[in-house]
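Hi,

Here is the structure I promised to pass on. Have a look, and my notes follow below.

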Amino acid sequence: MAIVMLILMNIAVMASIYFSIFLIEMIFGIRLDPQSITGLAILAVIVGFSGSIISLLLSKWMAKMSMGVRIIETPQNEAERWLVETVAKLANKANIPMPEVGIFDGPPNAFATGPSKSNALVAVSTSLFDMMDTKEIEGVLAHEIKHIANGDMITMTLVQGVLNSLVFFISRLIANIIAPKDEEGNPNPFAYIAISFALEIVLSIFATMIAMWFSRYREYKADAGAVEIDGPEGIYYALAKLGQIPKEQVALPAEMKAFGIVGFISELFSSHPPIEKRLENIKIVARELGYNI
């Protein structure tokens, strides 16, 4: 299933790129020549944003398919009823429409995703109920609700699109300058491609660092928002418990990491700050709001 989703995603991205180029060249009469600054800039924006926007639009569907999320339409037990009612309560406090609520089998974790505040999904793993009490789970839900309220899925898409565009533009601009030229001043195509590819790899590393820095900033904001709408105890003690679990036991798929409750890898390339720093941030926010923890 994951391979099929990846293939479909790549087909959708390539189709959107070619369709956009067709519209610009045939309908608006603008020739996208990558050897010109204007043409290269337009191509960079098309290529840079296509994948990010399509990923955003398909994010709920991808989450349901990849994680096996079951949407709770009619609660089948007391736990599901409590989950739906708690999400509704927190969504009301955060002043957003009620998102879809789902559960999935897997290690203790939760995530929020969706293309907009009015078309979002909050999902928690069944094992989260086994290790946390209701107050702690409510804190986790408050964190995910604030991701939606803050528009994090959209802003992350915009940030990733801008970074992708810059990587595409700068790598080809430099390649066009330093690649060997023929008698007519055109760059050698093989050298141009090789230099562009090498520069994309290097620049993508720096772009990833920037994107992950922004993701960590979003996590601090979501933690602070959880304290605002639900108090500090739930999210604080939930994170404290999650911090005691080996990271490999709470991992989400790559496409869901940025919107989960637990982070990974080294701090520089991690989508989430270290839990210790998040706990300290929660204490600071709680004191500012008059809570003792």
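Let's start with Leu279, which sits in helix α10 (residues 275-288); helices here are DSSP runs of H or I, at least four residues, and strands are runs of E, at least two, numbered from the N terminus. This is a predicted model, where local features need pLDDT of at least 70 and side-chain atom pairs 80 or more, while totals for chains, interfaces and linings use all residues. Numbering runs from 1 along each chain as its sequence is written, and side-chain values use heavy atoms, without hydrogens or water.

Leu279 counts as buried because its relative accessibility is 13% (buried is under 20% relative accessible area, exposed over 50%, partly exposed in between; 1.4 Å probe, protein chains only). Beyond its neighbours within four places in sequence, Leu279 touches Tyr236, Leu239 and Ala240 (contact: heavy atoms within 4.5 Å). Its C-alpha is 7.4 Å from that of Leu239, 40 residues away along the chain.

Now the rings. Phe, Tyr and Trp (six-membered ring) pair if their centres lie within 6.5 Å; planes under 30 degrees apart are stacked, over 60 edge-to-face, the rest tilted. That gives five aromatic pairs. One of them, Trp213 with Tyr217, is stacked, at 6.2 Å between centres and 15 degrees between planes. Both residues belong to helix α8 (residues 189-230), four residues apart, about one turn. Trp213 is exposed at 52%, whereas Tyr217 is partly exposed at 41%. Tyr236 and Tyr237 pair edge-to-face, with 5.2 Å between centres and 80 degrees between planes. Of these two, Tyr236 is buried at 13% and Tyr237 partly exposed at 41%.

Cheers
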